[in-house]
Amino acid sequence: MDRRGEVMASTGMGNVSHILATLHPTIGYDTEGAHHHTAPFARYGNSPGADRAVLDAAIALAHVGGEPATEAEQREH
């Protein structure tokens, strides 16, 4: 998804990434254009698409964590 030109928020993840490896993923689901932090946007938070996005993200993160945990070379770092 092209996010250029959109107003975005920031976090402290850049600072944390100087100390240890970080991952700051985002997930998305259809909100029919509703803007973040609005009542119309919140109505989509319990939609089937939102549920699927959370499950997809959890599975992806499990794979990201599982690979280094099962590779001896990665565990040495």
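Helices (H or I, at least four residues) and strands (E, at least two) are taken as DSSP runs and numbered from the N terminus. The model is predicted: local features need pLDDT of at least 70, side-chain atom pairs count only at pLDDT 80 or more, and totals for chains, interfaces and linings use all residues. Residues are numbered from 1 along each chain as its sequence is written, and side-chain values use heavy atoms, with hydrogens and water left out.

The loop between α1 (13-17) and α2 contains T31. Burial is assigned by relative accessible area: under 20% is buried, over 50% is exposed, and values in between are partly exposed (1.4 Å probe, protein chains only). T31 counts as buried because its relative accessibility is 11%. Contact means heavy atoms within 4.5 Å. T31 touches F41 and Y44, residues up to four places away in sequence not being counted.

E32 also lies in the loop between α1 and α2. E32 is exposed, since its relative accessible area is 64%. Its phi is near 50°, a positive value in a residue other than glycine. H37 is placed in the loop between α1 and α2 as well. Its phi is near 60°, again positive in a residue other than glycine. H37 counts as exposed, at 82% relative accessibility.

Helix α3 spans residues 48-70 and has 23 residues. The expected span of a helix is 1.5 Å times one less than its number of residues. From first C-alpha to last, α3 reaches 33 Å, close to the 33 Å expected. A50, A53 and A57 are buried in this helix. N46 lies in the loop between α2 (39-42) and α3. N46 is exposed, with a relative accessible area of 62%. The C-alpha atoms of N46 and E71 are separated by 37 Å, at 25 residues apart along the chain.

Pockets were located on a 1 Å grid over the protein atoms alone; a pocket is an open set of points where a 1.4 Å probe fits, with protein on both sides within 12 Å along at least five of seven lines, and lining residues have an atom within 4 Å of a point. The largest pocket has a volume of about 770 Å³. Its lining comprises 21 residues, of which R3, E6, M8, H36 and F41 are the closest to its centre. By class, the lining has nine nonpolar, 10 polar and two charged residues. Here Ala, Val, Leu, Ile, Met, Phe, Trp, Tyr, Cys and Pro count as nonpolar, Asp, Glu, Lys and Arg as charged, and the others, Gly among them, as polar.

Notes:
Points joined across faces, edges and corners; volume = space filled by probe spheres on them.
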